[in-house]
Amino acid sequence: MGAGPELYVIGAGGHGREVHAYIQDLRLAGWQGKLMGVLDDGVPEGVHGRLEVLGPISALNFTADADRKPVYITALGSNPLRQKIVRRLEELYGSALSPWT
């Protein structure tokens, strides 16, 4: 696997913990991306179990450039909530933050 992205997980609940576990498995298999942390509007900043919560979704402060383009993965169980959060991410960050595909 080649160099990977700077990845943010959106959601610190059960799905977020599951996604975090998958990312750890990917790292063991050679994924070279960097898990930057978790964003969640309902969980205070800090370490919660194995998750490092950076703060609310609006807390990101970065400048994307050709060499650094951060990505996110949603870890939310509710489809309507996931759609709402994706729209919010698009409004806040435009093309500077993209879904991880």
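Let's start with Trp 100, which is partly exposed, with a relative accessible area of 27%. On the scale used here, buried means under 20% relative accessible area, exposed means over 50%, and partly exposed is in between (1.4 Å probe, protein chains only). Trp 31 falls in the buried class because its relative accessibility is 9%.

This is a predicted model, so local features need pLDDT of at least 70 and side-chain atom pairs count only at pLDDT 80 or more, while totals for chains, interfaces and linings use all residues. Residues are numbered from 1 along each chain as its sequence is written, and side-chain values use heavy atoms, with hydrogens and water left out.

How many aromatic pairs does the structure hold? There is one. Trp 31 and Trp 100 make it up, in a tilted arrangement with 5.5 Å centre to centre and 45° between the planes. The pair brings together distant parts of the chain, 69 residues apart: Trp 31 sits in the loop between helix 1 (14-28) and strand 2 (34-39), and Trp 100 in the segment after strand 6 (98-99). For pairing, rings of Phe, Tyr and Trp (its six-membered ring) need centres within 6.5 Å; planes under 30 degrees apart count as stacked, over 60 as edge-to-face, and the rest as tilted. Helices (H or I, at least four residues) and strands (E, at least two) are DSSP runs numbered from the N terminus.

## The sheet and its helices

Six strands form an open, mixed sheet, in the order 3-4-2-1-5-6. Strand 3 (46-48) and strand 6 are the edges, each pairing on one side only. Two strands pair if DSSP finds at least two bridges between them. Strand 1 (residues 6-10) runs parallel to strand 2, with five bridges; Tyr 8 has Gly 37 of strand 2 as its bridge partner.

Helix 1 packs on this sheet, touching strand 1, strand 2, strand 4 (51-55) and strand 5 (71-74), and its direction makes about 155° with that of strand 1. Helix 2 (residues 79-93) also packs on the sheet, where it touches strand 1 and strand 5, at about 165° to the direction of strand 5. These angles run from 0 to 180 degrees between N-to-C directions, using lines fitted to C-alpha atoms, for helices over the stretch in contact. Contact means heavy atoms within 4.5 Å.

Bridges also continue past strand 2: Ile 10 has Leu 39 of strand 2 as its partner, and Leu 39 in turn has Gly 55 of strand 4. Strands 2 and 4 run parallel, joined by two bridges.

## What's packed inside

The largest nonpolar core has 12 residues, including Tyr 8, Ile 10, Leu 39, Ile 57 and Leu 89. Strand 1 and helix 2 are the elements that give it two or more residues, and helix 2 gives the most, with three. Another core, of 11 residues, lies apart from it; Trp 31, Ala 12, Val 53 and Ala 75 are among its members. Such a core is a set of buried Ala, Val, Leu, Ile, Met, Phe, Trp, Tyr and Cys residues joined through side-chain atoms within 4.5 Å.

## A buried histidine

His 20 belongs to helix 1. Is His 20 buried or exposed? At 12% relative accessibility, His 20 is buried. Leaving out neighbours within four places in sequence, His 20 contacts Leu 35, Arg 50 and Leu 51.
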